[in-house]
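Here are my notes on this entry, in numbered points. Please read them with the structure open.

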Amino acid sequence: MTAAVAPAPTPLCLDQGFPLAAQRVGLLYAWRHGRRVAWDHPARFTELVQLRKLTDRSPIQTQMMDKIAAKRLAGVRLGEEWIVPTLWQGTALPRLIPFPVPAIIKSRHGCNQYRAITAVPDCERWQQLRRMARRWQRRPYGRWLDEWAYRDVPHGILAEPLLGGALPLPIDYKIYVFGGIATHVQVHLGRGGRHRWVLHDRSWRQLVRSADEPPPPPSLAAMLEAAETLAGDMNFLRVDFYDIGGRPYFGEYCLYPGSGLDPFASDWIDLELGALWLAAMAKDAVPSAPTGHGGEQPCRLRGTPPSSRVIGIETAFEKFHAIDDREKEGR
């Protein structure tokens, strides 16, 4: 099977199909990067992320952004030994803690909404966590950045064992896959603290030299193979993993890395990754679902407004500016 992604990019006129969304996305991109999106001929990775937001409506993407459904998808393809167990799930944290610790709680329908619990919380701390979880439930995720795939994910909370059993959070290995080939590994260090990341090619050469020189994880080869298995021949997908004592675990899928708003360490990387994405799109111009996911044909919906609720661009600017490294962590 082939991949559930947008067709090769074509000129996107701002007065046809997505006028408000394209203007909103374009303004936010320009504010963040200091340049406009080249809608007629997108060449950068960050531009193609914006194009995906506006044009790709593959139903399989909702399952991929659903943390519960994503585990099922990955487990079928890789085996249950790759999947972090779910200790508990529901729509609201109950009055008493329903799972053992150490653990981590996450929202089912969002990104960067989590808290690590290293010891049994006292009543006051547990009530704080319950209030936080309720706030996660009230807020639709992805709307103000036009990340459509989150729109129909069921709201909920889940708890998992805290990998490694203690803080700091484990290193996150984010693998970029273009047209079924894993090409780059972005290593996220210091999550929950001094968060930073280093981008490598698949041979573990840093693209831009960093003061951090993390060694390759023992399970790197298995992770690369697993990422390619999960992505199938999607034009682009990022698949995230952890390595705990040499054993790899699936983390999550990512369709919109950094929402296409985080700059790379050097501008040439944006162009290089964009070229890989465009080459994958040209090779496979007919979209369907990634291998083993059984998705449906996407629809470009050129005459339909975006699924996200229209909000003022000033509000988007204020919200984006207010996100610190802690809340952007892992994107």
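1. Is Arg151 buried, partly exposed or exposed? Arg151 is partly exposed, because its relative accessible area is 44%, and buried would need under 20%, exposed over 50%. Keep in mind that this is a predicted model.

2. Arg151 has a salt-bridge partner. Its side chain meets that of Asp152, with N to O at 2.9 Å. Asp152 has a relative accessibility of 43%, so Asp152 counts as partly exposed too.

3. Now a pair between two strands. The side chains of Lys174 and Asp240 form a salt bridge, N to O 2.9 Å. Lys174 sits in strand 5 (residues 172-178) and Asp240 in strand 8 (residues 236-244), so the bridge ties together parts that are 66 residues apart in sequence. Both Lys174 and Asp240 are buried.

4. Glu160 and Lys106 also pair up. Their closest N and O atoms are 3.0 Å apart. Glu160 belongs to strand 4 (residues 157-161) and Lys106 to strand 2 (residues 103-107); the two are 54 residues apart, so to speak distant parts of one chain. Glu160 is buried, and Lys106 is buried as well. The structure holds 19 salt bridges. Among the linked residues, Arg35, Arg44, Asp267 and Asp270 make up a network.

5. Four strands form an open sheet in the order 1-4-2-3, with antiparallel pairing. Strand 1 (88-90) and strand 3 (114-117) are the edges; each has a single partner strand, so one side of each lacks a neighbour in the sheet. On average, neighbouring strands are turned by 15 degrees against each other, direction ignored.

6. Look at strands 2 and 3. They run antiparallel and are joined by 4 bridges. Lys106 has Tyr114 in strand 3 as its bridge partner. Helix 4 (residues 67-78) packs on the sheet and touches strand 1, strand 2 and strand 4; its direction makes about 50 degrees with that of strand 4. Helix 5 (residues 123-138) lies across strand 2, strand 3 and strand 4, at about 160 degrees to strand 3.

7. Finally, a helix pair. The axes of helix 2 (residues 45-55) and helix 7 (residues 267-283) come within 7 Å and cross at roughly 50 degrees. That makes helix 2 oblique to helix 7. The contact residues divide into 7 nonpolar, 2 polar and 2 charged. Helix 2 brings Phe45, Thr46, Leu48, Val49 and Arg52. Helix 7 brings Asp270, Leu273, Gly274, Trp277, Leu278 and Met281.

Terms used
Residues are numbered from 1 along each chain as its sequence is written. This is a predicted model: local features need pLDDT of at least 70, side-chain atom pairs count only at pLDDT 80 or more; totals for chains, interfaces and linings use all residues. Side-chain values use heavy atoms; hydrogens and water are left out. Axes are lines fitted to C-alpha atoms, for helices over the stretch in contact, and angles run from 0 to 180 degrees between N-to-C directions. Angles under 35 degrees count as roughly parallel, over 145 as roughly antiparallel, 65 to 115 as roughly perpendicular and the rest as oblique. Contact means heavy atoms within 4.5 Å. Ala, Val, Leu, Ile, Met, Phe, Trp, Tyr, Cys and Pro count as nonpolar, Asp, Glu, Lys and Arg as charged, and the others, Gly among them, as polar. A salt bridge is a side-chain nitrogen of Lys or Arg within 4 Å of a carboxyl oxygen of Asp or Glu. Buried means under 20% relative accessible area, exposed over 50%, partly exposed in between (1.4 Å probe, protein chains only). Two strands pair if DSSP finds at least two bridges between them.
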